[in-house]
Amino acid sequence: MNKGYLSLRDLSKQFGKQTALLDIQLDINKHEFICLLGPSGCGKTTLLRIIAGLEKSDTGKLVIAGRDISSLPAGKRNFGMMFQSYALFPNLTVSQNIAYGLSGRMTKPQIIDRVDEMLDLVELNEQRNKVPSQLSGGQQQRVALARALAFSPDCLLLDEPLSALDAKVRVKLRNEIKRLHQKFGMTTVMVTHDQEEALTMADRIVVMNHARIIQVGTPMEIYEKPATPFVADFIGAISFIEQPPGGMWRGLLAIRPEHVQLVGENSKPSMQAFVRELEYRGTHYRLVLEVVNKLRQFITIDVAAKEMDTFHVRLDGLVRFVLPEEHIITFQSSAEYAVV
Ligand code: ATP
């Protein structure tokens, strides 16, 4: 992997009084699949548009393979793009849409071959003569993907490409994009606000909030070692536990629901809690426990269906639980706690 292939340095962007990006530093490796993840308005799309050349940053620079491309117009960057709104040409057929960006880059016979290849790749051969209005949403997105990949771009930029699709098509297309990425190895940057999408697709996730990058890491690092309470709260479920003064821990503690363990009545040391919420989730139950202590804390816990009887779990009933030390995440401060 070519380290620091695409480098973003000191990027800031202001829209009037609104800060969209603040001092962004990011190194993207060649062939990497990066997801920009964060709540609405955190600056993801603005960052992608600056990488694409569709927006100009106020400060900073963008370097690809050692070359400063900050002033290079979008059309000269050799980046493939696919956006949430498909922006296919409504009066052109599937084949013509895919071929659109290729004239001037290839000869006619080469274009015909490339379109055939792309149609095979996204399995749209039978739809080649249809116009976009005759296709499903998922098929339209596959045409957009084929079009973005047809000219072998250096980078593929995807802005929420799956968000308009229903859940099943979404998962199918998610796998399709992953498969194509593995096949061609194009450096890919995808904007999403869907944590599951980021966790399943990305080599590394860039978590953003309030115009800044908060953490960059592999999905496992982000999930298991969140840098701030905000990251922990934004990705996956988590319970935060306040510390009574003089306790053995310092700072703010947190634990994922799958790591909290129910134990038998006589297990010591353990804590006691009332079951205040109980939700069936197929493979397991999700409970919200109200801890019997002065702080009246609430802890979310996932319990395997077969354990429900073992521990006599009932709504408003009492249970005992432990927080395994190895799974407790500690934060020095609660800054960036809330998802705004
Ligand atoms: P979403 O997930 O809702 O698309 P985002 O993380 O992609 O959000 P951006 O679209 O990058 O966020 O917007 C970042 C901030 O900049 C927001 O506060 C937005 O209102 C503002 N902004 C973006 N584009 C413009 C613009 N052209 N003019 C003025 N403000 C803008």
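Two strands count as paired if DSSP finds at least two bridges between them. Strands themselves (E, at least two residues) and helices (H or I, at least four) are DSSP runs, numbered from the N terminus. With that in hand, look at V63, which stands opposite D68 in strand 5.

What you have here is a predicted model, in which local features need pLDDT of at least 70 and side-chain atom pairs count only at pLDDT 80 or more, while totals for chains, interfaces and linings use all residues. Residue numbers run from 1 along each chain as its sequence is written.

Let's start with the whole thing. The protein has 9 helices and 18 strands, and its C-alpha trace spans about 80 × 45 × 35 Å along the principal axes. Of its 340 residues, 34% are buried; a residue is called buried if 20 or more other C-beta atoms (placed from the backbone) lie within 10 Å of its own, exposed if 12 or fewer, and partly exposed in between. Two residues are in contact if their C-beta atoms, again placed from the backbone, lie within 7 Å. Among contacts with a separation of 6 or more, 64% are between residues 24 or more positions apart.

Where do they meet? There, 5 residues of domain 1 are in contact with 4 residues of domain 2. The domain 1 side of that meeting has 4 nonpolar, 1 polar and no charged residues. For these classes, Ala, Val, Leu, Ile, Met, Phe, Trp, Tyr, Cys and Pro are nonpolar, Asp, Glu, Lys and Arg are charged, and the others, Gly among them, are polar.

Strand 4 (residues 59-64) pairs with strand 5 in the antiparallel sense, over 2 bridges.

Which residues are around the ligand? They are F15, Q18, A20, G38, S40, G41, C42, G43, K44, T45, T46 and H193, where a residue counts as near if its C-beta atom, placed from the backbone, lies within 6 Å. Strand 2 (18-28) and helix 1 (44-52) are the elements that give two or more residues to this shell, and helix 1 has the largest share, with 3 residues. By class, the shell divides into 3 nonpolar, 8 polar and 1 charged.

After helix 1 comes G53, whose phi is positive, near 95°.

Next, the inside. A nonpolar core is a set of buried Ala, Val, Leu, Ile, Met, Phe, Trp, Tyr and Cys residues joined through C-beta atoms within 7 Å. The largest one has 81 residues, and C35, L36, A146, L157, V189, V206 and V207 touch the most other members. Helix 4 (residues 137-149) gives the most to this core, with 6 residues. Both domain 1 and domain 2 supply at least three residues to this core.

Finally, some loops. N78 sits between strand 5 (67-68) and strand 6 (79-83), and its phi is near 55°, a positive value in a residue other than glycine. N78 is partly exposed, with 14 other C-beta atoms within 10 Å. H210, in the loop between strand 9 (204-209) and strand 10 (212-217), also has a positive phi, near 50°. H210 is partly exposed, with 15 other C-beta atoms within 10 Å. N125 lies in the loop between helix 3 (108-121) and helix 4, where N125 touches L119 and D120, not counting residues up to four places away in sequence.

Terms used:
Domain bounds come from an automatic or database domain assignment.
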